[in-house]
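Subject: Handover of a structure

Hello,

Please find the structure below. My notes on it follow.

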Amino acid sequence: MNMTISRLYGLMCLTLLLASSCSDSTDAPDSGNPPAGSKATVSLSISAVPVTATDAGVRAIPDDIDEGTGTDYSINDFWLMEYSDGGTLIGSPQHYTAADLTDDGKIAIPLVLPDNAASEYKCVIVANTHSDILGSALGTDVSTIDKLKALCRKISTQDDLYNTDTRDLLMNCVLPVTSATKELDCKLYRNTAKLTLKLTNSAGSKVKINSVQLCNIPDRQFYADRLYATAAAPSPTTTQAEFINWEVEEVVIDEGTERTLVYYLPCNIRGTNSSTHPNQKNIEAPDFATYIEIMAEDKTAGSPLRYRFYPGGNMTNDFNIIPNRHYTLPITITAKGSAATDSRVEDMGTIVLPESNSYIVNPLNGGVQLVHSVPIGRINKFWSSVDGRVTNDDGQPENNTVDSNTEWVAEVIWQDQPQRLIDFCDADGTVMEGNTHYAGKGVSYFHFKPVTGRHGNVLIGVRKASAGKDAYLWSWHLWITDYNPDRKAAWKDGVYAYEVKGGQVHRYESATWNKTYKNKYIMDRNLGAMSAKSSEYEKSLGLYYQYGRKDAFPHTETRLYNIDGQALSPTNWQPTEKECIEIVSNSASNIYQSIKRPYSFFYLTNSDWVKENPYYLNIWNNPNWYSSENGKSIFDPSPPGWKVPYEREIYEVLWRHDYTPNAEDFFLYGDKGYKNGWECYMGGERIGETTWYPGTGQRHPSNNPLSSNNYGFYLYSATGNGILHPIRILNLKISAGDATPRCFGLSIRCIQE
């Protein structure tokens, strides 16, 4: 695989002369040689040296964007601001448009010159804003140069980097003003860089490219970008910007074909590393450096490949995306490459998952998917314990452990989508014959691949090949979603919402929370939810859990399906089409019964589902059931790296006065309005960003099995009695309800371990 990079298309000194009147400014002083410290009329020329245009390619940036490469290029409008050597705005921002130009191409501007030769003021010009964004009428505060420096345009997609109506780009420059200044020559710099990605897939490569994605893009573009021209890496810092991934582009490039893609990028100065060879550039790449992720397929093995390329000033060790430069990145793939010798290549055949009861599964972009290997060792961990040593109807000990000769099957118990979500496969990715289950042997793994482009929840159970479907040995929840909440960076002061793939993670403000969960994040959605948006209420509900159980239950009106997406009928164990799982009433159960029947909802009215045992009150935080050093229970339903939060910390967040909940203290109360749920201020009472809690209601035994649906939300915790007093929203008022029996099904919002 060969790659080269071409540096910028220059600092682009744009050649244009602008002239004449101004608005939002005081009258211009007399011309001539004014005394220092008074108003002066200064001749300003704004110039842009045209450069050779590059090919537009096939990327989705519009062909008619005016990049300033033509000989007749013109500035549509610009703002001019002058700052003293102390950084304070002098006068008011001055706004000019194309209508202010005269034939001689000059414009006279009023400035204030320093009163001594040792002082230097700054003149800042921002072009092509096409609005009063810097004007006092909209309240934009640019009274100091630091405030102007912080003024930015939010960037969510590629389209935010150009003006959609006028089809041009933001530009800016910074000029010194001294006591001797008579003329200013403004050379405008674009606020964006340009990247041309030339992908060539050679004939015979045995590789198929499926998609391209740009990652670690700063989420803002600073209007006066040249004020950062001498900033040291990293710039922007993580306090100045978040870093996001743009949407995936499906770009199919088979053997013997090529494509050219063109992007605009905001400034991202990340510095250099110690690499001396292109193959090693990705090793210890700076945090938040912009990169290109290419998903491909090894056509020989049928397994996914991932390529990551960092554009910059060279192919070896530079990670800087500098505005007003053109980076050309030609990539030629002659073979899949070697992950052992090339840091840009990742051969993604199989991922071996850690022990857990649920997994977040992110389908890869493109047609080929990663093989996921799930260990079944928890079967023996449980069934060899005191809770798993049970006898059959004849009084004989049951043998529910697995040894090297045990044959077993893994199968989909239910899924919540009417289409296939996973394929069972061998370890090498070959889909198993029939593809309705996985046939395994011994204490090993079952393997599956998600289906491209599909999302939903799946419950998989393992049973002995000779056993029935009321004798599962263990079960696992697959949360198949684009959401990836993994974030390791520390908190930022005053920031409560942080972008991750497919959504956000949050942190809350309270003394106990900050002590127990310092630099830990909570998910922005309930476990199993496909959305965190109030506009997608049904997708945001997530799954329901009885206290202490590892297995999830869906919303009561959720239709359930088999692996092929065919609806399960009431004869499968659903009593009615409306109720989606089996209800087992008036009988407290042993823990082992919940393992065997993960589809059964056990309850005793206003009591516990589980028979008393030494730890039935804290089964999710049980010291006898550690599955990791930090005390996460073997029954915790959270994905790896996550757990059910503690009770006291949640109380302090939801009610600012510990354990004395009432409507007045509940800090989501009031001004956000009710829409199938409530917005909660994460920083305190009306402080910081908000997170949305949907009105999930609660699963409980009655003729109407989901109560408080759409107007109350309920959460379980891992400690104490396990129950969080529910939040009920009645008549648009918030109140605290009584503790809910542990047999009820409530929502969970996971926090990092």
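Which residue stands opposite H326 in strand 20? The residue is K194. More on those strands in a moment.

First, how to read the values. This is a predicted model, so local features need pLDDT of at least 70, side-chain atom pairs count only at pLDDT 80 or more, and totals for chains, interfaces and linings use all residues. Residues are numbered from 1 along each chain as its sequence is written, and side-chain values use heavy atoms, with hydrogens and water left out.

Overall picture

The chain has six helices and 46 strands. Helices (H or I, at least four residues) and strands (E, at least two) are DSSP runs, numbered from the N terminus. There are 753 residues in the chain, and 55% of them count as buried. Buried means under 20% relative accessible area, exposed means over 50%, and partly exposed is in between (1.4 Å probe, protein chains only).

Now the contacts (heavy atoms within 4.5 Å). Take those in the chain with a separation of 6 or more: 68% are between residues 24 or more positions apart.

Confidence

The pLDDT is the predictor's confidence in each residue, from 0 to 100. Its average over the chain is 81, and 77% of the residues score at least 70. Residues 1–36 have a pLDDT below 50; in the model this stretch has 135 contacts beyond near neighbours in sequence. Residues 49–60 are also below 50, and here the model has 30 contacts beyond near neighbours in sequence.

Strand 11 covers residues 192–201. Eight of its 10 residues are buried, so the strand is largely enclosed by the rest of the structure. Two strands pair if DSSP finds at least two bridges between them. Strand 11 pairs with strand 17 (residues 257–266) in the antiparallel sense, over 10 bridges. There, L195 stands opposite Y263. Strand 11 also runs parallel to strand 20 (residues 326–333), joined to it by eight bridges. K194 and H326 face each other across that pairing. In a regular strand the side chains alternate between the two faces of the sheet.

Another part to look at is an open sheet with strand order 23-30-29-25-27 and mixed pairing. Its edge strands are strand 23 (358–361) and strand 27 (437–441), each pairing on one side only. From one strand to the next, the twist averages 25 degrees. That angle uses axes that are lines fitted to C-alpha atoms (for helices over the stretch in contact), and angles run from 0 to 180 degrees between N-to-C directions. Strand 25 (residues 407–415) meets strand 27 in the antiparallel sense, over five bridges. E411 has H437 in strand 27 as its bridge partner.

R389 sits in the loop between helix 2 (378–383) and strand 25. Is R389 buried or exposed? R389 is exposed, because its relative accessible area is 61%. Leaving out residues up to four places away in sequence, R389 touches W383 and S384. Its side chain reaches the backbone oxygen of S384 at 2.8 Å. R389 and N400 are 11 residues apart in sequence, and their C-alpha atoms are 8.6 Å apart.

K596 is in helix 5 (residues 591–596). K596 counts as buried, because its relative accessibility is 14%. Beyond neighbours within four places in sequence, its contacts include W383, E398, N400 and Y472.

Backbone details

Two peptide bonds are worth a look. The bond from A233 to P234 is cis, with omega near 0 degrees. The bond from S235 to P236 is cis, with omega near 0 degrees. P234 lies in the loop between strand 14 (220–222) and strand 15 (243–244). P236 is in the loop between strand 14 and strand 15.

N128 is not a glycine, yet its phi is positive, at about 65 degrees. N128 lies in the loop between strand 6 (121–127) and helix 1 (145–150). With a relative accessible area of 0%, N128 is buried. N216, a residue other than glycine, has a positive phi near 60 degrees. N216 is in the loop between strand 12 (207–215) and strand 13 (217–218). N216 counts as buried, at 16% relative accessibility.

Best wishes

Key
Polar contact = N/O pair within 3.5 Å; in protein donor to acceptor, adjacent residues only side chain to side chain.
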